[in-house]
Amino acid sequence: MIKRKIAPRLMAIMLTGSILLSTAAGALTIEQARALIEEHYVDQISEEALSQETVEGLIAALGDPYTVYYTEEEYQNFLGNMVDTVIVGIGISFALQDGAMQITRVVEGSPAEEAGLQAGDTLVSIDGNVVEGADVDTVSEWLKNEEGTKVALVYERGGKQKKVTVTRRQVLIPETTTQLDGAIGYISCNTFGEDTAAHFEEGINAYNMSVDTWLVDLRANSGGVMSAACDALGFFVGKVVTGYIRNKDGVYQTYGSKQDVTTVQPIITIVGAGTASAAEMFAAETRELGAGITVGGRTYGKGTAQVIYDESTDPEIFTDGDAMKISAYRFFTTNGNALSVVGVIPNLIVDEAIAPAVATLLAGSKTDESKTGILHIKFGWNLYVNLDTATAEENREAFAALLSALPASVELYEKIAGSDDLWVSTDVAAVAAKYNISYNDRTFTDCADSEYADVLDVLAIYGILQGTGDGQFEPEKSLTRAELAQMLAQALNCKQTAQSAAYDGESRFADVAADAWYGAAVNEIAAMGLVEGTGGGMFHPDTLVTHAEFITIMGRLSSYLNLYMYEFYHSYTEEDGADTRLAAYPDWAKQSTWLLACSQTDVNGNSVSLLWDDADAIDPDAATSRESAAVVLYSLLSYTGILPA
């Protein structure tokens, strides 16, 4: 059904950032730009866009922040963001932490490392300038000067002050670094560029024999070159297909790694709102391909890949060093999941600022010596938390965040201190009570009696559902159109999209105020094509949603989220619609009902329904309850693997 062919090494650019268009579009003419867009752009192009008379107008009318024209200077700046950089300085990074300016990183081979500076040192003075009370920008200026000049530093370590004079010189700042912390290999990767795979390989080879767990920090990684991300991932998963891309004609290609497996140790990938595009692919595939888990916040949600057209591809068009970046593909994970809007849902959702500390706790060993004991977490991988470490004062906040993020379906066992191998089953509440950890119970307070309580608890822990206030969900209450839009916007992690931004804060529906509690959600979900108005520019937000309407919307959503569901949705025939299970449904609802209730099978080939009941047992005209809607949402997200629990 799905057309696939093996792709060459795809050099599609997958970045979130864009550079403001210059006032003039250089040598590129509107005719040339229009031809490139029509040939390569992945989505349908409006007549309004094609009728524009300037390159700037054409790109603006597309409403796509990732399709960009670059002047020569802008293009060089863009390319420079994906490679290692060289600066003149001493080779340290620093940040204001707990009121002190602490060194957070010392670059390997830098003057600072040679002078004995270490991460964790506190800067006291720079050339006589007192650091206390100064901001980061000011301290940065004090450290700058020409190559060969000297800077006198006073720093504090372990309560003692030390003086050192450091000579500034050129320092290579790699975009990817690896450090060893005990048995943890910590890889920080800020972009996927031409140097990235080599940095991964170098770090893994250097520390592999000492590492039990790899932590890959992608919080500041907004993407890069797809092939670079695939090759970096390959060191953990080998030469495998890591996903699919689809062009404007609906043709699929595979993309994947060309690297052999270098390490068999698990990965904990650390992500956040700044993790995007190729970095999201890396994070998603570590889970889908069984290499490890993800920890942190929901990722950005970028599901298109861009291709650069410049003098190397079109020398007759780009003659002044300029270039054009065009969204040419939609990309999908190995499970077929789209990352647009929804992004990657981590196995454990915690504040991304504390995510490295949580990941470090999870990287313990079963054989750790601990006076308190070991907590065994079965989450795909067997993860172990040293309870001596976790309950130490400096780690209690991270331990509380970890316990708050664990879904009830995850098995927990505690090794009793002093025993050789005695493990006792436990749960989050018991662990928290035993060690006096104040964790945040994210579950709803009024769902214990619901037949779907377990499902509602999982969705609450992952932040997929919002309650109605005061920790309640009101599971049996009928769902309004406004509430459904809000539920979907929350589940998808909707942000202001290019489509809805075109309305400049004005609602597309006369009866939906832009500043209403549901206003942004309605407009976001409508912009994605998931919901429609009721005619005459109206939405009727307070009207209850019928089962037929709800199932229709969820069918559209499933087609949006997953390429396999998309292909099934578009393979629907009149013969499928004649299924007796669909007899009571109106014609406009049959396609989605068939998709969710009749088209899917499990690994054994048995029919699977993603609805809360058999299709022919559901009254299409009855109102949908909040808990029924949540069940279908859960079924879809877990069936596709978008939801990790």
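Arg-556 and Glu-532 form a salt bridge in which the closest N and O atoms are 3.5 Å apart. Arg-556 lies in helix 18 (residues 547–561) and Glu-532 in the loop between helix 17 (519–527) and helix 18, so this pair ties together parts that are 24 residues apart in sequence. A salt bridge here is a side-chain nitrogen of Lys or Arg within 4 Å of a carboxyl oxygen of Asp or Glu, while helices (H or I, at least four residues) and strands (E, at least two) are DSSP runs numbered from the N terminus.

The model is predicted: local features need pLDDT of at least 70, side-chain atom pairs count only at pLDDT 80 or more, and totals for chains, interfaces and linings use all residues. Residues are numbered from 1 along each chain as its sequence is written, and side-chain values use heavy atoms, with hydrogens and water left out.

**Salt bridges**

The count comes to 13 salt bridges. Three of them are listed below.

| Pair | Closest N to O distance |
|---|---|
| Arg-556 and Glu-532 | 3.5 Å |
| Arg-581 and Asp-579 | 2.8 Å |

Arg-581 is partly exposed, with a relative accessible area of 30%; buried means under 20%, exposed over 50%, and partly exposed in between (1.4 Å probe, protein chains only). Salt bridges that share partners join Lys-477, Glu-483 and Arg-626 into one network.

**Helix 7**

The twelve residues of helix 7 (residues 196–207) should span 16 Å at 1.5 Å a residue, and the 17 Å between the end C-alpha atoms agrees with this. The expected span is 1.5 Å times one less than the number of residues. Thr-196, Ala-197, His-199, Phe-200, Gly-203 and Ile-204 are buried in helix 7. Seen down the helix axis, these buried residues fall within an arc of 160 degrees, so they line one face; the arc is that of the directions from the axis to the C-beta atoms. The face turned away from the buried side carries the exposed residues Glu-202 and Ala-206. Cover for the buried residues includes strand 12 (176–181), strand 13 (184–189) and helix 9 (278–288).

Thr-360 lies in helix 10 (residues 355–362) and is partly exposed at 35% relative accessible area. Not counting residues up to four places away in sequence, Thr-360 touches Ile-184 and Leu-215, contact meaning heavy atoms within 4.5 Å. Leu-422 is found in the loop between strand 25 (411–416) and strand 26 (423–426), and is partly exposed at 45% relative accessibility.
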